[in-house]
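Hi,

Here is the structure I promised to pass on. Have a look at it first, then read my notes below.

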Amino acid sequence: MNLAAPRPGSAEPWRDPGAEPFLQIEGLTKRFGDFVALDRVDLSIWRGEFFALLGGSGSGKSTLLRCLAGLIEPDAGRILLDGQDMAQVPPYRRPVNMMFQSYALFPHMDVARNIGFGLRQEGASRAVIRDRVAEMLALVRMEGFGARRPDELSGGQRARVALARALAKRPKLLLLDEPLSALDKNLREATQFELVNIQERTGTTFVIVTHDQEEAMTMATRLAVMDRGTLAQVGTPGEVYEFPNSRFTAEFLGTANILEGVVEALTPAGARIGSSEYDFDILSEGEPPKPLGSRVFVAIRPERMRIERAQEGADFGDNRVVGRVRDIAYFGDFFVYYVVLEGGKELRVSQPNLRRITERPVDWDDLVAVSWAPEASVVLPE
Amino acid sequence: MSAARRRLLVLLLPLLWMAVFFLAPFAIVLSIAFAEAAEGLPPYAPLLRWVDGALTLQLNFQNLALLAEDSYYLDAYLLSLRVAAISALLCLLVGYPMALAIARAPERWRVPLLLLVILPFWTSFLLRITAWIGILQDQGWLNGLLLALGVIEAPLQLLYTEFAMYLGITYCYLPFMVLPLYASLVKQDPALLDAAADLGAPPWRSFLTITLPLSLPGIVAGFLLVFIPAVGEFVIPELLGGPGAQLIGRVLWTEFFQNRDWPLASALASVLLLALVLPIALFQWRFAGERRR
């Protein structure tokens, strides 16, 4: 399958069984008292990837990142970077640099000294440091800001300096801990593109931690959704969005309507799943991940559903339910309808705002029919 | 009421306080410094006198001249500055690791640890100095312990030495060093050390390049808080120090209480104050200017 087409020129080494991963994480475990922050995590990341760790707070994503940096020592498991075991390597000797969430710029040093800090630790000569700092300032488009102090910079400028400082030593691996969470929406989007651009130009392997799914979807080559110290699903943004493997990922990445049912028949086209809550069948495409007779959850994305006014007395059909509009949210570019079915179950249906009209096609308290195509029904393996 | 007026009103109380409790007493001391010693009570002649039916101001510069001429006083000043500087340095050396340890301790430990630092203040200062006499004297606890352990064969002369004086001053003023150091260390962002380590700085370099420079304001504040009172310290050198430690505090005491030469004592005190205030004011002005930049 080829979803979310790869960026031009970028290979997909994770599909090549012969390719050696650049970063290998094996059985990584970390406990804080009784709390298990990481539970036997296995993960491979390839050279040049832009990999996102996505999860809520407490999911273990930051702990994993800090283990990679060497700022946290794991209780068990291994980290191999470019074939080298990182266990005995203290953070200050790892070929890994980090862009911190608060940026952690040194307040008593100007921008140039901040960027040159890592090179000074290596004992690089003045000329080398000066050239590299100039190069980094140009990379993040901050020429002429070398003599400024961090407190004289805006949030976006500080983010750029933090990035330049983390890249100055040409790390094998760049870690980014919620790098854009302090920026406002427009600046965040602009900086996202710039980050991807810089990643492609430098060819550095990036691992980013974020709780912002849009950020992960737009920037990452692949992402891992984390849940309670484990990787719930790993894949390209397209794979994880279109083929979630569990209720958790289906609801975490984007939104999903979850319907419950039993696989009643296998048809040439797919499966017929009898709803266990309502008297109607859900049709899906392809072979379901669970055998005939098993109980399954079906996820349907709100944007894959159609909504239209229904006549009184209209009834459920295959992939078609009837309910009343409880609420409408207007986002400008699209509408979200909250439709309550008999018995209280609520569905979320979104429709693009395609034409400029003053009258809503569907209004509050309208009786509506919601329907979808079989290919929109995603039968969840878990 | 305009904003400027409201600001003035807010400033009025502290200004009034300074005027009543600092400027006025200092003006009195300064005026006595220009008076002539005389028999009586107070033991000096008033500055304003009726001479031949006219009110005349008579300033006496002999006291100040004496301070400049007699090396006894100059030596006392210099010795005081040296003792105070060394004491402040000793407090810094002892206090910095303490403050750092408290600032890096788990949060619930910090307040109890700080209380332990301040705890000695809850006992009388004189009692604590007397306790040190008990520890340091020839038949004291320290000599007793060393004799019992067989480290020494005869008691060491510990009391009434420079060692005892520095020990006493460092001991007494240590909290004044620890508190401002702690305040500046505890507010440092721990992520800065993570960043320094991440960029390749081993712990000792992180300390020298990040922790130490960022705590400079705390060092300066602590140094001044120890240095300033230590310059005029009288009790500790008197009770623990040797006879050679003719510090300015002791000289002042002698002139004021034993010689009853109030004008000379006032001159000594005024010069000391100016000698301390001027450099600090200069420093403040420079520091504030740097922060504005």
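Over all chains the count comes to 29 salt bridges, where a salt bridge is a side-chain nitrogen of Lys or Arg within 4 Å of a carboxyl oxygen of Asp or Glu. Bear in mind that this is a predicted model, where local features need pLDDT of at least 70, side-chain atom pairs count only at pLDDT 80 or more, and totals for chains, interfaces and linings use all residues. Residues are numbered from 1 along each chain as its sequence is written, chains are lettered from A and ligands numbered from 1 in the order in which they are written, and side-chain values use heavy atoms, with hydrogens and water left out.

One of the bridges pairs A:K30 with A:D75, with the closest N and O atoms 3.7 Å apart. A:K30 sits in strand β1 (residues 23–32) of chain A and A:D75 in the loop between α1 (61–69) and β4 (76–81) of chain A, so the pair ties together parts 45 residues apart in sequence. (Helices, H or I with at least four residues, and strands, E with at least two, are DSSP runs numbered from the N terminus.) A:K30 is buried at 12% relative accessible area, while A:D75 is partly exposed at 41%; buried means under 20%, exposed over 50% and partly exposed in between, with a 1.4 Å probe and protein chains only.

Another bridge joins A:D281 and A:R272, closest N and O atoms 2.8 Å apart. Here A:D281 is buried at 19% and A:R272 partly exposed at 25%.

Cheers
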